[in-house]
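Here are my notes on this one, in the order I'd go through them with the model open. Have a look at the structure first, then read on.

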Amino acid sequence: MKKEKHYIVLKGRKVGIFNNWEDCKAQVFGFSGAVYKSFESRQLAEEALANGNIAIKKVESATCQNRDNNKYGNLSNPITQSISVDGAWNTVTGIAEYQGVETLTGKVVFKGGPFQQGTNNLVEFLAIVHALAYCKQKDVTVPI
């Protein structure tokens with residue numbers, strides 16, 4: 001049985017309590033400085049909103065300025081000699097897959113799936129493992 005969740009949006013396109021993630025996401029994603037939090041029941045969400053004393057999540061802006069510079073490059077200028085991996089899961093069919101590409105060229109270097117009973121977390125983990133195996137097999141050391 002799917003867990004019931006309710007979401008408070010304190011700063012977003014529309015402020016309030018939302019009964020599902022899709023409605024909440026529509027208010028916060030792509031909204032710079034959005035503020036939201038999830039709760040296991042509507043009652044808990046209403047109590048937290050009334051009390052005003054809640055720990056919140058802040059959605060970073062698309063530029064992720066607080067993480068823009070680090071030893072792995074930055075989001076506006078990534079390390080191009082690397083492998084980028086991602087996974088995808090179709091929530092309707094349950095089919096999942098992943099792939100790895102050369103970051104500089106976009107050339108697909110490996111794919112996995114389709115898997116009939118996958119999840120997004122599972123295939124993203126498998127993509128990382130596959131990238132590590134690929135690097136070992138090719139005897140290359142690059143960021144993944």
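1. Start with the contacts. Of the contacts in the protein with a separation of 6 or more, 39% are between residues 24 or more positions apart; a contact here is heavy atoms within 4.5 Å. Keep in mind that this is a predicted model, where local features need pLDDT of at least 70, side-chain atom pairs count only at pLDDT 80 or more, and totals for chains, interfaces and linings use all residues. Numbering runs from 1 along each chain as its sequence is written, and side-chain values use heavy atoms, with hydrogens and water left out.

2. Overall layout. The protein has three helices and nine strands, taken as DSSP runs numbered from the N terminus (helices H or I, at least four residues; strands E, at least two). Along the sequence they come in the pattern β-β-α-β-α-β-β-β-β-β-β-α. Of the 144 residues, 26% are buried, meaning under 20% relative accessible area; exposed is over 50% and partly exposed is in between (1.4 Å probe, protein chains only).

3. Strands β7 (residues 83-89) and β8 (residues 96-102) run antiparallel and are joined by seven bridges; the pairing rule asks for at least two bridges found by DSSP. Six residues separate the two strands, and Gly94 in the turn has a positive phi of about 80°.

4. The main core. The largest nonpolar core has 10 residues: Ile83, Ala96, Tyr98, Val109, Phe110, Val123, Ala127, Ala131, Tyr134 and Cys135. Such a core is a set of buried Ala, Val, Leu, Ile, Met, Phe, Trp, Tyr and Cys residues joined through side-chain atoms within 4.5 Å. At least two residues each come from β8, β9 (108-115) and α3 (120-138), and α3 gives the largest share, five residues.

5. Apart from the largest one lies another core, of seven residues, including Val9, Cys24, Val28 and Ala34.

6. Helix α1. Which residues of α1 are buried? They are Cys24, Gln27 and Val28. Looking down the axis of α1, the buried residues fall within an arc of 85°, so they line one face of the helix; the arc is taken over the directions from the helix axis to the C-beta atoms. They pack against β1 (6-11), β2 (16-18) and β3 (35-39).

7. Leaving aside neighbours within four places in sequence, Gln27 touches Val9, Gly12, Arg13, Lys14 and Phe18.

8. Ends of α1. At the start, a side-chain oxygen of Asn20 comes to within 3.2 Å of the backbone nitrogen of Glu22. Just after the helix, Gly30 takes a positive phi of about 80°.

9. Charge pairing. The count is one salt bridge, defined as a side-chain nitrogen of Lys or Arg within 4 Å of a carboxyl oxygen of Asp or Glu. It joins Glu46 and Arg42 (3.1 Å, N to O), which sit four residues apart in helix α2 (residues 42-51), about one turn of the helix. Both are partly exposed, Glu46 at 41% relative accessible area and Arg42 at 32%.

Technical notes:
Polar contact = N/O pair within 3.5 Å; in protein donor to acceptor, adjacent residues only side chain to side chain.
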